[in-house]
Structures are given as C-alpha cells and as structure tokens.
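Thanks for coming. I will go through one structure today, taking the contacts between side chains in turn. Please look at the sequence and the model first.

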Amino acid sequence: MSTLYHHPMSAASRFIRLVIGEYAFEIDLIEERPWEKRKAFLTANPAGTLPVYVDDNMRALCGPFVIAEFMDETHGVLQRERRLLAEEPFQRAEIRRLTEWFLLKLEQDVTYPLCRERVYKLQMSSERGGGAPDSRVLRAARANIRQHMKYLAWLAGNRGWLAGKRMSYADLSAGGAISVLDYLGEINWDEVPAAKEWYQRLKSRPAFRTLLADRVRGVVPVSHYADLDF
C-alpha cells in the first residue's frame with residue numbers, strides 16, 4: 001500500500017489527504033516531524049518538507065503540488081464530473097492559482113507562523129528551536145488573518161465553489177489550511193458568513209472525517225472543531 005508522510009497540523013499534508021479521500025483510495029499515514037531531520041526521511045525528500053507520497057514501488061513524490069498533479073493524472077482523469085482539476089485550460093490555471101494562494105501565501109502569512117509558535121515549538125527540543133511562543137510572531141500572523149478570510153469569503157460568496165461551479169483543488173487546499181486555523185480557534189466565523197457556509201459544506205464531506213478526528217498532543221481543538229453545523 002502507498003504511504004503518505006504527513007503532520008496533522010500541516011496544511012499541505014491535509015490538502016493531499018483530502019484529495020486522497022475524495023478519490024477514495026486507501027493509503028497508510030505516517031506522522032513525520034520534519035524538524036527532527038530523520039535520515040530515512042531526508043533520503044526520501046532531501047528538502048525535508050511535507051507531504052511525501054511513496055507509492056507501492058517505493059518511489060517518492062515530494063510536495064503538495066507535485067503530488068496533486070500526479071493524483072490528477074493517475075486518478076482524476078478517470079473521474080469525469082468528480083475530477084478535482086478542470087479540463088479547460090483557463091479554469092485549470094485559476095484552480096492552480098488559488099491552490100498556490102492557500103498553500104504558499106496563506107501559509108507564509110498566517111498558517112505556518114501560528115502552527116510553529118503554538119504547536120511545533122511544543123514538540124521541538126530546545127536545541128531545534130522549541131520553547132515559548134513569540135508574541136510578536138503571533139500578533140503579526142493574527143493581523144493577517146482578517147484580509148485572507150475576507151478574500152476567502154468573497155470567493156465563496158461570488159462562486160459556487162472557490163474556483164468556479166465545481167469543487168476543485170482550490171477548495172481542498174483552502175480546506176486544509178482553514179481546518180488547521182479552525183482547530184486552533186483562530187478564525188472569527190461571525191465576520192465571514194459566506195466563508196462559514198462554504199466551510200460547512202466542505203467539512204460535511206466524507207473525505208473530511210479523518211481531519212476532524214485529528215488531535216495534537218498538548219493542543220486541544222476549539223470546541224466546535226468537529227461539529228458539522230457550528
């Protein structure tokens with residue numbers, strides 16, 4: 001069986017887990033702490049980043065964009081109306097643009113700084129950067145959340161799904177990131193009702209169930225995290 005090396009608070013890992021769930025095939029999940037720089041993990045991915053997909057023949061694919069493209073070529077093309085990457089070129093470009101937005105721009109501005117300070121540092125040794133959260137980093141990341149959520153709400157309010165009429169990688173990449181922030185209780189949903197309605201729809205899909213079951217030692221999720229109607 002194929003394997004996915006992931007971390008439960010990695011937005012990119014969650015994105016790929018959602019893709020796998022939507023295409024309904026089984027995979028083994030192995031939690032990886034990339035800051036530990038395990039030799040075996042670095043052999044699979046010298047960049048030391050998540051996620052990493054290893055197929056039945058022990059061939060490794062590294063990074064969410066590469067893995068997502070591979071999934072589309074090996075599974076998506078067979079799905080027709082359930083395909084997560086559109087066939088029309090301009091629509092594919094828009095899906096890719098938004099996927100990059102949520103996995104790179106949002107990650108840089110918000111998701112990774114909050115996770116590092118609130119989660120990863122709890123799991124890191126002091127030699128690897130663990131310790132108390134940096135309040136300056138937290139303030140900066142939280143200051144960025146509102147604009148990102150406004151943009152998400154605009155997309156959700158003006159389109160059937162984030163990139164158009166059908167659910168796509170854009171929604172799953174956003175779902176991966178937003179679910180991390182929601183776990184941490186960092187989103188004020190009352191300010192963005194259109195985004196909330198979109199997230200409720202996405203959250204209700206069977207592929208989302210494993211994400212809602214995730215728990216991180218030492219970090220209790222917000223009370224509504226697993227609720228479908230919150």
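How many aromatic pairs does the count come to? The count comes to 12 aromatic pairs. Before I go further, please keep in mind that this is a predicted model.

Let me take one of those pairs. Trp 189 and Tyr 199 are stacked, with 5.2 Å from centre to centre and 10° between the planes. Where do the two residues sit? Trp 189 is in the loop between helix H6, residues 169-183, and helix H7, residues 193-203. Tyr 199 is in helix H7 itself, and the two are 10 residues apart, so the pair counts as a link between distant parts of the chain. Are Trp 189 and Tyr 199 buried or exposed? Both of them are buried.

These two rings also belong to a cluster. Ring pairs join Trp 189 and Tyr 199 with Trp 198, Phe 208 and Phe 230.

Arg 201 lies over the face of Trp 161, and the distance to the ring centre is 4.2 Å.

Now the salt bridges. Side chains of opposite charge can pair when their charged atoms come close. How many salt bridges does the structure hold? There are 19 salt bridges in the structure.

I will start with Arg 205 and Glu 22, whose side chains meet at 2.7 Å, N to O. Glu 22 has a relative accessible area of 8%, so Glu 22 is buried.

In one, Arg 97 and Glu 94 meet at 2.9 Å, N to O. Both residues lie in H4, 3 residues apart, which is about one turn of the helix. Arg 97 is at 36% relative accessibility and therefore counts as partly exposed. Glu 94 is at 13%, so Glu 94 counts as buried.

In the other, Lys 105 and Asp 109 meet at 3.2 Å, N to O. Here the two residues, again both in helix H4, are 4 residues apart, about one turn of the helix. Lys 105 is partly exposed, with a relative accessible area of 36%. Why does Asp 109 count as buried? Its relative accessibility is 16%, and buried means under 20%.

Salt bridges can also join up. Asp 72, Arg 83, Glu 87 and Arg 92 are linked in a network of them.

Next, the cysteines. How many disulfides does a search of the whole structure find? The search finds 0 disulfides. Cys 62 is partly exposed, because its relative accessibility is 27%. Cys 115, at 1% relative accessibility, counts as buried.

Last, an annotation from a record. UniProt lists residues 88-222 as "domain: GST C-terminal", and the entry is unreviewed. In the model, this span is 66% helix and 0% strand. The end C-alpha atoms of residues 88-222 lie 39 Å apart.

That is the end of my part, and I can take questions.

Key: Residues numbered from 1 in each chain as written. Predicted model: local features only at pLDDT ≥ 70, side-chain atom pairs only at ≥ 80, totals over all residues. Heavy atoms only, no water. Phe/Tyr/Trp six-rings, centres within 6.5 Å; stacked < 30°, edge-to-face > 60°. Buried < 20%, exposed > 50% of the residue type's maximum accessible area, 1.4 Å probe, protein only. Lys NZ or Arg CZ within 6 Å of the ring centre and 35° of its normal. Disulfide = S-S within 2.5 Å. UniProt positions renumbered as here; feature names shortened; annotations may be inferred. Salt bridge = Lys/Arg side-chain N within 4 Å of Asp/Glu carboxyl O.
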